[in-house]
Amino acid sequence: FKERFYTTSLSEASAIGTSVVQVSASDLDSGLNRAVSYLLVEDDSSGADHFHIDNSGLITTIQMLDCEHMKQHKLVVRASDKGMPSLSSDVTVIVNVMDLNDNPPVFNQLLYQAVVSELAPH
């Protein structure tokens, strides 16, 4: 990979299909051994549910993001060559989700009561 890791920020208001980041890996071999393909590696996070990577290494959103649900997505991208046996490298992509003012304030209870003496000072 051209970078050791990738970090980017994206608004939770980003539309499905928004470009997130372009990753790039190169292989010094020749012929088919040089051809690189990309894959999002499954892990315990929801990265594979929210993002897609194409053959060029462009990562896009495939689902709306929600900062209140997950503030940061940690993706693992694997670049593999077409050699036999195939060789691969992994890189981490961190996507920080920026909050949008999409939640109104909420009172803790619906009714508040107070008692004030008529003798209380003004």
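**Labels and cut-offs**

Biologist: Why is Ser80 called buried?

Modeller: Ser80 has a relative accessibility of 19%. Buried means under 20% relative accessible area, exposed over 50%, and partly exposed in between (1.4 Å probe, protein chains only). So Ser80 counts as buried.

Modeller: A word on the source: this is a predicted model, where local features need pLDDT of at least 70, side-chain atom pairs count only at pLDDT 80 or more, and totals for chains, interfaces and linings use all residues. Residues are numbered from 1 along each chain as its sequence is written, and side-chain values use heavy atoms, with hydrogens and water left out.

Biologist: Where is Ser80 found?

Modeller: In strand S6, residues 72-81. Strands (E, at least two residues) are DSSP runs, numbered from the N terminus.

Biologist: Which residues is Ser80 in contact with, leaving aside neighbours within four places in sequence?

Modeller: Ala35, Val36, Ser37, Ser86, Leu87 and Ser88. Contact means heavy atoms within 4.5 Å.

Biologist: What makes Pro85 exposed?

Modeller: Its relative accessibility is 67%, so Pro85 counts as exposed. Pro85 sits in the loop between S6 and strand S7 (88-98).

Biologist: How do you know that S2 and S5 pair?

Modeller: Pairing takes at least two DSSP bridges between two strands. Three bridges join S2 to S5 (residues 58-61), and the two run antiparallel. In S5, Thr60 is the bridge partner of Ser19.

Biologist: What is the strand order of the open sheet?

Modeller: S2-S5-S4, with antiparallel pairing. S2 (19-22) and S4 (51-53) stand at the edges with a single partner strand each, so one side of each has no neighbour in the sheet.

Note on methods: Helix = DSSP H or I, 4+ residues; strand = E, 2+ residues; numbered from the N terminus.
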